[in-house]
Number of protein chains: 2
Amino acid sequence: MESKGAALNKKQLQSEQTKRRVADAARALFVNKGYKATSIEDISEATGSSKGNIYYHFKSKEGLFLYLLDEWEQEWEVKWQENVSHYKTVTDKLYGFAKQMVLDDLNHPLSKAASEFFNHDEKPGDVEERIIEMVQGHLKFNQDLLQQGIDNGEFKAENIECLAIILESLVIGLSHMSRQLKLQNAIQLYQQAIKIYLYGIANPPH
Amino acid sequence: MESKGAALNKKQLQSEQTKRRVADAARALFVNKGYKATSIEDISEATGSSKGNIYYHFKSKEGLFLYLLDEWEQEWEVKWQENVSHYKTVTDKLYGFAKQMVLDDLNHPLSKAASEFFNHDEKPGDVEERIIEMVQGHLKFNQDLLQQGIDNGEFKAENIECLAIILESLVIGLSHMSRQLKLQNAIQLYQQAIKIYLYGIANPPH
DNA sequence: TATAATCCTGAACGAACGTTCAGTATAAAA
DNA sequence: TTTTATACTGAACGTTCGTTCAGGATTATA
């Protein structure tokens, strides 16, 4: 029940460090090998901790992965908040969105493991829920962005929910297709895609 | 080495029927349960054939799935050829493309199993190749379509390869996102998405 | 009829892997 | 110091599942 990173006794400190070590190693492995191909034993070997110890810190393999996804989204949010102030129009924001997306997807590519993870079945109910939550979060994010654009006249006022889903679809598809591309090409691809999307939803007098 | 479905002796006939039975049952199972969740034993039980017999007709589980994907794409192509004659402009073709896509994806949804399959690792080299071939085929298809639109002035003349990839991305993402939608909503979503895409690539005086 | 090719069976293999748990060590609390 | 909570170990479990294989049955071939 600590509020921040303060006043940890020896035991709590060690525990926290171990958890961090496991999380970091797991992240690297998931990124390189994918979700399924990374075994708990791999993580165990990479950290020096025992398998059992991993289960002491995380509920399950899926729980561990969700933990990493959470961290990833938080980092993403922080970066976004840093960048968003630099953009004036929502159009610019969308380009910035795409840029951060592609950089994030190709450098911190949990994304590959993530899409593998999402397409797995046999997910316990709570995991499924968590995933749905995430998608809803993304859609909300997109909707807010689009609403801004509509409010200030950049975009046509159309069915926002639909537009948000389409944007999300586009991004998912792009991250799928760009996996075998070089960074430069991926960036170009994302930009072009956003450009098309923007032309598609822009208010006629652009 | 027969050319068509003619002149089969009793043995060959039985063999072909068995293969068909296995393929059909496997297809139904993959559709309902997904790729990984469908075991060879499931297929064995559904057909009455033994596990070993399935391996007599198909190289492996993956080979069986690829066989089904091939069939699926062939059916798709046939339907497309039937429809394409009805459309005049390439714009209409793209709407028709989307329509067939969504109907196909939600009725014959190997698509769910397919995206699960694609995201699997541990694929032997030849399987990976086959998949890449398929993607290339799709891109080629898209490129041809776009080229037509450019030739007759419907679309702006831009980097076609890029546009083709973006279209493919959009479709992949849509099929991903629309999985939990009702058919009506999915159709609407696809149409709207294509509309945006078309606005994005259309020649200014539309 | 005899031999070979084809179709099919079903038990068994084997390897992977997430998860558990009884037990140990270390540090905090009493 | 004694007791209790926490951090960790590592062997073992259990289950799943794709794949193989020796052999039997059926049909074609010589």
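Predicted model: local features only at pLDDT ≥ 70, side-chain atom pairs only at ≥ 80, totals over all residues.
Figure 1. B:Arg20 and B:Asp24 are four residues apart in helix 1 of chain B, so about one helical turn separates them. Residues are numbered from 1 along each chain as its sequence is written, and chains are lettered from A and ligands numbered from 1 in the order in which they are written. Local features need pLDDT of at least 70, side-chain atom pairs count only at pLDDT 80 or more, and totals for chains, interfaces and linings use all residues, while side-chain values use heavy atoms, with hydrogens and water left out.

Figure 2. Helices are DSSP runs (H or I, at least four residues) numbered from the N terminus. Helix 1 of chain B comprises the 24 residues 10–33, which at 1.5 Å a residue should span 34 Å, in agreement with the 34 Å between its end C-alpha atoms; the expected span is 1.5 Å times one less than the number of residues. Among the buried residues of this helix are B:Val22, B:Ala26, B:Leu29 and B:Phe30. B:Arg27 also counts as buried, because its relative accessibility is 12%. B:Arg27 forms a salt bridge with B:Glu75, with 3.1 Å between the closest N and O atoms. B:Glu75 lies in helix 4 (residues 61–84) of chain B, so the pair ties helix 1 to a part 48 residues apart in sequence. At 31% relative accessibility, B:Glu75 is partly exposed. Just after helix 1, B:Gly34 takes a positive phi of about 95°.

**Figure 3. Salt bridges within chain A.** The side chains of A:Arg130 and A:Asp70 meet in a salt bridge at 2.4 Å, N to O. A:Arg130 is partly exposed at 23% relative accessibility, as is A:Asp70 at 27%. Elsewhere in chain A, a network of salt bridges links A:Arg20, A:Asp24 and A:Glu71. Over all chains, the count comes to 18 salt bridges.

Figure 4. Chain A can be laid on chain B with an RMSD of 0.1 Å by a turn of 180° and a shift of 0.0 Å along the axis, which is the relation of a two-fold axis. The superposition is by least squares on the C-alpha atoms of residues with pLDDT of at least 70 in both copies. The same surface serves both copies, as 97% of the contact residues of chain A recur in chain B; contact means heavy atoms within 4.5 Å. The contact takes 38 residues from chain A and 37 residues from chain B. Together the chains bury about 3200 Å², 65% of it on carbon and sulfur atoms, where buried area is the accessible area (1.4 Å probe) that two parts lose on being put together, summed over both. Two salt bridges are found across the interface. A:Glu158 forms a salt bridge with B:Lys195, the closest N and O atoms lying 3.9 Å apart.

Note on methods: Helix = DSSP H or I, 4+ residues; strand = E, 2+ residues; numbered from the N terminus. Buried < 20%, exposed > 50% of the residue type's maximum accessible area, 1.4 Å probe, protein only. Salt bridge = Lys/Arg side-chain N within 4 Å of Asp/Glu carboxyl O.
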